[in-house]
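The sequence and the structure are shown first.

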Amino acid sequence: MTSSQKNRMKSRYHNAHSVSLCAGHSGVTGGTGFIGSHCVVELIQANHSVTVISNLANSVSASDFIDTLCKKYCVKKFIFSSSPAVYGKPIKFPIKEEYATGVGITNPYGKSKYMIEKILNDITLIDKEWKIISLRYFNPIGAHPSGIIGENPTEIPDQLMPFIIQVLKRKLPYLTVFGNDFETPDGTCIRDYIHVVDAARGHLSALNRIANGKCGGFEMYNLGMGKGHSVMEIVKAMQYATGKNIPIKMMPRRLGDVPCLCCDPTLAAKNLSWKTTFTLEEMCRDVFNWLKKNPNGFDDEEKQELKQG
Ligand SMILES: O=c1ccn([C@@H]2O[C@H](COP(=O)(O)OP(=O)(O)O[C@H]3O[C@H](CO)[C@@H](O)[C@H](O)[C@H]3O)[C@@H](O)[C@H]2O)c(=O)[nH]1
């Protein structure tokens with residue numbers, strides 16, 4: 001494993017979270033992270049009592065959570081945060097849940113998610129009391145529309161939107177675009193971006209399915225818009241939303257990136273009554289709104305500009 005792969009795996013474990021259900025009470029591991037914190041807001045708004053489990057610096061990995069917390073507190077119902085990375089390098093689009101997983105996975109992160117899904121599936125086969133929903137959410141971006149929570153990386157980020165945020169804040173001089181020679185219309189990678197609030201609401205829908213006794217054991221769902229956007233489309237949408245130029249530098253492909261990940265979200269619509277509600281423009285608007293309310297890193301003149309929107 002290269003050091004960049006290790007870092008990517010490390011930073012993604014930092015973001016790992018799960019949502020569990022125990023006698024009407026929800027526990028969110030990694031509840032102070034980007035997705036976890038939005039889940040906590042949605043759960044509280046839906047009148048759940050919530051316990052947040054986080055070490056604030058790094059977070060708890062999914063496997064630690066299963067081994068220790070679940071056994072101690074007899075938690076047998078929870079949501080696992082999975083990833084489209086379990087599909088490896090898909091050849092058919094849009095990706096459906098029934099497509100093969102585990103073949104051609106290009107990074108350790110995807111491999112770990114795949115292996116944990118297998119273990120969870122086995123657990124539900126052995127003991128019928130376990131009800132687990134694995135959410136394979138595609139690329140969550142955006143920020144809470146209130147502007148109170150959003151993505152605020154402390155280190156140089158790996159992911160596209162936090163990187164763009166750092167460029168907008170002039171903490172980084174330009175966005176490095178990893179590859180413009182993919183088999184896509186503009187040559188840059190295509191991903192299925194969803195608003196982080198939609199991703200959080202997906203957790204709530206999944207918890208409701210379990211609470212209503214409808215979950216058959218181990219189930220997995222794609223959470224995505226069902227529509228892909230390229231890296232350059234995201235850059236343009238963010239330039240439009242912010243009115244700011246985002247300098248870019250073309251670089252070779254990043255190890256492990258697949259050209260396209262775009263899902264079919266109809267199973268989630270059918271069983272979870274879930275679908276995306278925010279457009280790409282709204283995701284970018286909410287990032288900008290969050291930046292305006294959290295202007296640290298901008299100079300005074302820019303802060304003034306941000307205030308004026
Ligand atoms: O500085 C950057 C960062 C990213 N990208 C590109 O932007 C796209 C999206 O990258 P990123 O935001 O890192 O998302 P993914 O690589 O698609 O990884 C996402 O998709 C995985 C599933 O494959 C998830 O599980 C991860 O959590 C999630 O970050 C990719 O084409 C990257 O090459 C750049 O060009 N420059």
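The model is predicted. It contains 10 helices and 13 strands. Of its 309 residues, 44% count as buried. Among contacts between residues at least 6 apart in sequence, 76% join residues at least 24 apart.

The largest nonpolar core has 72 residues, and Ile133, Ile164, Val196, Leu223 and Val287 have the most contacts inside it. Helix H6 (residues 196-211) supplies the largest share of this core, eight residues. In soluble globular proteins, nonpolar side chains tend to be buried together. With neighbours within four places in sequence left aside, Ile164 is in contact with Leu175, Met238 and Ile246.

Helix H6 also packs against helix H2 (residues 34-45): their axes come within 8 Å and cross at roughly 60°. An angle of 65 to 115 degrees would count as roughly perpendicular; H2 and H6 are therefore oblique to each other. Their crossing is right-handed. The residues that meet in this contact are listed by helix.

| Helix | Residues in the contact |
|---|---|
| H2 | Phe34, Ile35, His38, Cys39, Val41, Glu42, Leu43 |
| H6 | Val196, Val197, Ala199, Ala200, Arg201, His203, Leu204 |

By class, the residues of the contact of H2 with H6 divide into 10 nonpolar, two polar and two charged.

Technical notes
Residues are numbered from 1 along each chain as its sequence is written. This is a predicted model: local features need pLDDT of at least 70, side-chain atom pairs count only at pLDDT 80 or more; totals for chains, interfaces and linings use all residues. A nonpolar core is a set of buried Ala, Val, Leu, Ile, Met, Phe, Trp, Tyr and Cys residues joined through C-beta atoms within 7 Å. A residue is buried if 20 or more other C-beta atoms lie within 10 Å of its own, exposed if 12 or fewer, and partly exposed in between; C-beta atoms are placed from the backbone. Helices (H or I, at least four residues) and strands (E, at least two) are DSSP runs, numbered from the N terminus. Two residues are in contact if their C-beta atoms, placed from the backbone, lie within 7 Å. Axes are lines fitted to C-alpha atoms, for helices over the stretch in contact, and angles run from 0 to 180 degrees between N-to-C directions. Angles under 35 degrees count as roughly parallel, over 145 as roughly antiparallel, 65 to 115 as roughly perpendicular and the rest as oblique. A crossing is left-handed if the near helix is turned anticlockwise from the far one by less than a right angle, and right-handed if clockwise. Ala, Val, Leu, Ile, Met, Phe, Trp, Tyr, Cys and Pro count as nonpolar, Asp, Glu, Lys and Arg as charged, and the others, Gly among them, as polar.
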